[in-house]
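Student: I am new to this structure and would like a close look at one part of it. Could you take me through the salt bridges with some care?

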Amino acid sequence: MRDYVGALDQGTTSTRFIVFDRSGRSVSVAQKEHEQIFPRPGWVEHDPAEIWRHVAEVMKEAMEAKGLGPEDLAAIGITNQRETTVAWQRTTGRPIHNAIVWQDTRVAEDVAILSAAGGQDRYRAKTGLPLATYFSGLKLRWILNHVPGARAAAEAGDLMFGTIDTFLAWHLTGGPDGGRHVTDVTNASRTQLLNLATLDWDAEILADFGIPRAVLPEIASSSEVYGEATLPAVRGVPISGILGDQHAALFGQACFKPGEAKNTYGTGCFLVMNTGTTIVPSKCGLLTTLGYKLGNQPAVYALEGSVAITGALVQWLRDNLGMISTSAEIETLARTVADNGGVYFVPAFSGLYAPYWKDSARGLIAGLTRFVTRGHIARAVLEATAFQVAEALDAMEADSGIELAALRTDGGMVRNDLLMQFQADILNKPVVRPQVLETTALGAAYAAGLAVDFFSGTDELVANWAEDRHWVPSMPAETRSRLYHFWKKAVTRTFDWTE
């Protein structure tokens, strides 16, 4: 009896396999972190072979922990860190270079050259995206131009490109022995190579970037059967859902109506609003992107406010400065002080994303005095997340003309009560945490289950959603205004740091 669905959640710092029941509750999970590789300042890489090994391991562990076999799973969905770029040999499956992670800034010069020729928004009308180091297309161009033999292999048809979903789907469905080279519309929309209106690769942009179409995957919907898994632990189970992580979280939060939105607090923060079947151009520094596409149904679009560094700043405080030994300790340390002591931390480690899109910005700690302690730094780190989300939400309400009544949240950082209260205070809106926090994986499981009729439809998924806790604003308006004013002042000090 196939009573469960699985989700392979390949994120920026770890890989997880989660098994869900029909009510959307997790029944088994296994997780492994992978190495973060920093070859030069601004460069961030992952080893795709390590990630693939971890996929096999976590699938096996999660299935065995619950005593499950392939016959117990109705389907498997994939969700992934989105813009991270992989290129590999068609005949062997071997990557020709480390994966270039979405945070990586090595293509800044290409961004500047292309922007000089037509402006930062020269492709926005087609793709919904500004020219930035964030997206996959220029990362692929870098590989083709800098890895020996890459362009020749691409021209000969022996090179395959994909974001992480594509790399995993190909390996899961057979790899060199018939694996399917496929991506879904959400991940394709993050390459800056997809035309939002046609849902196909754009020939003009491919020519401008110098990318052969032959290296690109087939574009499919987010919910359909792509193939069957070949790993022993899940052999024969349909792979039937693919969603980029933030789109998966939108889906897992059951934001199926235009105007519904969620914010995911992970390595970065990603505020996404469903705009229905309408492509809504942004005038306020947001991204226009795909929300999801279910089989043959019309595509659903979204607006997104992308923040590069939030949870990663807590990790940086832990790993680089040693101020805390575990990420959870930051709340305890931050609670040793009553406020930020005048300190603001702008974590522009990879430049600034929404709503500024400034690749030349770099991180800054402002407002330091002899009064400041470790507690104030910790509090400023947490507040940086809330301030960045507030800026994204301001832009989203301006673009959409919709004022959110409350903010639905998910991701690892929402366990931090101090952060969630400050978020409600700085937004002056209620903040809501669902009972199931792993909404990214849940969204992928939902998409996969819909494709094989494990779920009856989106109404069943809406019925599964339930609130765990909410926070209401309690900060005086004058305090809120003062804090936000100095945050914005600190942000301007990061502009144009690199030359």
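Student: Which residues are linked in a network of salt bridges?

Tutor: Before the answer, please note that this is a predicted model, in which local features need pLDDT of at least 70 and side-chain atom pairs count only at pLDDT 80 or more, while totals for chains, interfaces and linings use all residues. Residues are numbered from 1 along each chain as its sequence is written, and side-chain values use heavy atoms, with hydrogens and water left out.

The network of salt bridges links R82, E83, R190, D245 and E304, where a salt bridge is a side-chain nitrogen of Lys or Arg within 4 Å of a carboxyl oxygen of Asp or Glu. One of its pairs is E304 with R190, whose side chains meet at 3.1 Å, N to O. This pair links distant parts of the chain, 114 residues apart, since E304 lies in strand β18 (residues 300-307) and R190 in the loop between α7 (185-188) and β10 (194-195); helices (H or I, at least four residues) and strands (E, at least two) are DSSP runs, numbered from the N terminus. E304 counts as buried because its relative accessibility is 0%, and R190 is buried too, with a relative accessible area of 0%; buried means under 20% relative accessible area, exposed over 50%, and partly exposed in between, with a 1.4 Å probe and protein chains only.

Across the whole structure, a search finds 29 salt bridges. Among them is E331 with R335, with the closest N and O atoms 3.0 Å apart; here E331 is buried at 16% relative accessible area, whereas R335 is partly exposed at 46%.
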